[in-house]
Amino acid sequence: MEIKAVVSGKLKKGGDDACLVVPVYEKEFPLQSAVLDPAHAAVFKALAARDAVTGKAQATYYLPTPGALCGGVLALGLGKRGACDAETLRRAAGKAVRHFARHRVTKLIFDASAFPEVPVDAFVEGLVLAQYDFDVYRKQPEGKSVPAKVGAVTIIVPDAKKAGNLERQCGLAALIATGVNGARQLANTAANEMTPAALARFAQGIAEQSDCTCTVLDEKKMAKLGMNALLGVARGADNAPKLILLEYRHPKATKTVAVAGKGVCFDSGGISIKPAQNMHEMKFDMCGAAAVLCAMMTIAWLRPKVNVIAVVPAVENKTGSKAQTPGDIVRAYNGKTIEVHNTDAEGRLILADAMAYTVDKYKPDTIVDLATLTGACVVALGHCCAGILGNDDAVIDGLIRAGEATGDRLWKLPLWDDYKKQMEGTHADLCNIGSGRDAGTITAAAFLQHFVGDTPWAHLDIAGVAYGVKGVPHLNPKHATGFGVRLLVKWIMGLA
Ligand code: BES
Ligand code: MN
Ligand code: ZN
């Protein structure tokens with residue numbers, strides 16, 4: 001996305017493939033713009049008088065104005081003045097994109113001259129997110145041209161002194177949104193292509209293009225290290241598991257954080273097999289991994305003064321003849337033994353080894369994991385936020401704040417020691433499921449807690465928000481959301 005900020009006097013004519021975007025608060029007509037033709041302003045005023053344009057949040061109105069400064073004018077509704085925040089702008093952008101596509105708009109002129117308080121960077125972020133489509137597999141229908149996309153935004157600012165700063169902010173928003181789209185692409189790609197080896201190749205690609213280092217542990221190496229919880233899950237699949245480690249280091253860093261992402265490239269449930277309905281959605285069971293890898297890609301672009309270790313246990317949970325069987329007992333990397341009562345509770349098994357290894361080898365100051373871990377989290381919280389649990393309130397609070405700023409919202413659930421006790425096994429140290437269905441998200445986190453030691457840790461259960469989120473205009477309900485990328489980038493940048 002090409003971004004420029006100028007004062008209205010320096011503005012050039014946009015042309016017919018351009019659209020003038022004018023923000024408007026609810027019922028605050030006439031439109032406030034430094035460059036809008038008075039005749040077009042009059043049309044909007046008349047429309048507003050008949051309630052055809054309202055300025056309500058996410059309400060947009062496109063007026064074709066061929067031959068004028070731009071080929072069209074879009075009134076961008078922001079709702080009540082004072083109640084408008086970054087998420088309002090992202091969602092408004094999501095709605096606006098439908099008009100841009102229909103009218104083949106490739107350039108925008110965003111008139112913020114009367115709106116210095118509006119977070120234009122959030123509009124740019126929403127724009128980049130909303131224009132993403134997972135279309136690599138679709139044949140272009142004959143006679144139909146490729147859909148137009150906006151590739152440039154010129155922002156009109158009231159004050160030339162603010163232009164540079166705004167350009168930088170909007171450029172950053174576009175860059176982070178591109179990182180989010182990377183995660184969406186990884187997750188949308190079907191499991192026949194997005195295998196553990198493919199995830200590892202992607203991580204190696206990041207390392208080649210930046211000064212990150214990538215290490216991939218194969219089955220043999222993991223067996224030597226004693227990662228039998230992870231290897232147990234992988235036994236039912238022909239595609240071999242990988243443990244992907246991606247390290248970003250800054251010479252002036254004083255802190256090291258680790259981020260782990262669940263990379264189950266397909267979760268059939270294993271021998272404790274899932275019902276057929278919606279099983280295809282389990283290609284999304286690597287959304288934690290996608291978020292962590294693409295957050296790292298973005299971090300490598302931005303170079304904050306902090307060390308970051310990304311760790312991705314990548315496996316397929318399948319039903320081959322060697323598949324792990326309910327009742328099996330495995331010994332994890334940290335020596336704890338686990339009774340596997342349900343092979344569908346596999347995410348915690350692979351994260352157990354990955355996190356125990358990470359805290360042992362790298363001794364990070366903090367570890368955060370993201371995982372599509374439990375259906376129970378979807379029951380508890382739906383699709384509006386992820387669940388967050390952990391052993392350190394300062395870490396949890398920092399992440400919640402980053403979530404509020406970015407739109408990747410989090411809601412805290414409790415994790416008292418009583419839950420940790422509930423995960424003890426009958427024949428082994430631990431069991432991989434709690435008794436009954438009660439508090440499934442919490443018992444899963446309580447299991448993980450046995451593998452992070454005293455390291456300050458937070459666990460994000462993203463099962464409800466990683467894909468299939470309806471009603472958010474800049475996210476496609478059929479696809480992965482890239483949840484976690486914006487959150488992690490914001491949080492890590494804030495630590496530096
Ligand atoms: N990947 C699933 C969790 C999931 C379910 C994510 C639905 C997204 C949507 C996970 O591996 C799983 O199967 N969890 C089980 C745990 C249970 C066996 C204790 C679940 O939630 O049913
Ligand atoms: Mn499962
Ligand atoms: Zn799973």
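Which hand, left or right, does the crossing of helix 9 and helix 13 have? In this predicted model, the crossing of these two helices is right-handed.

**View 1. Packing of helix 9 against helix 13 in the predicted model.** Helix 9 spans residues 347-362 and helix 13 spans residues 440-449. Their axes lie 9 Å apart and meet at an angle of about 30 degrees. Angles under 35 degrees count as roughly parallel, and helix 9 and helix 13 are therefore roughly parallel to each other.

**View 2. Residues in the contact between helix 9 and helix 13.** Helix 9 contributes Arg348, Leu349, Leu351, Ala352 and Met355. From helix 13 come Ala444, Phe447 and Leu448. Sorted by class, the contact has seven nonpolar residues and one charged residue, with no polar ones.

**View 3. Asp267 between the manganese ion (ligand 2) and the zinc ion (ligand 3).** Asp267 bridges the two ions, which are 3.2 Å apart. The pair Asp267 and Glu346 links distant parts of the chain, 79 residues apart. Asp267 belongs to strand 10 (residues 263-267). Glu346 sits in the loop between strand 13 (337-339) and helix 9.

Terms used. Residues numbered from 1 in each chain as written. Chains lettered and ligands numbered in written order. Predicted model: local features only at pLDDT ≥ 70, side-chain atom pairs only at ≥ 80, totals over all residues. Heavy atoms only, no water. Axes fitted to C-alpha atoms, helices over the stretch in contact; angles between N-to-C directions. Helix = DSSP H or I, 4+ residues; strand = E, 2+ residues; numbered from the N terminus. Parallel < 35°, antiparallel > 145°, perpendicular 65-115°, else oblique. Left-handed = near helix turned anticlockwise from the far one by under 90°. Contact = heavy atoms within 4.5 Å. Nonpolar A, V, L, I, M, F, W, Y, C, P; charged D, E, K, R; others polar. Donors = N, O, S within 2.8 Å, 3.2 Å for Na, K, Ca; no water.
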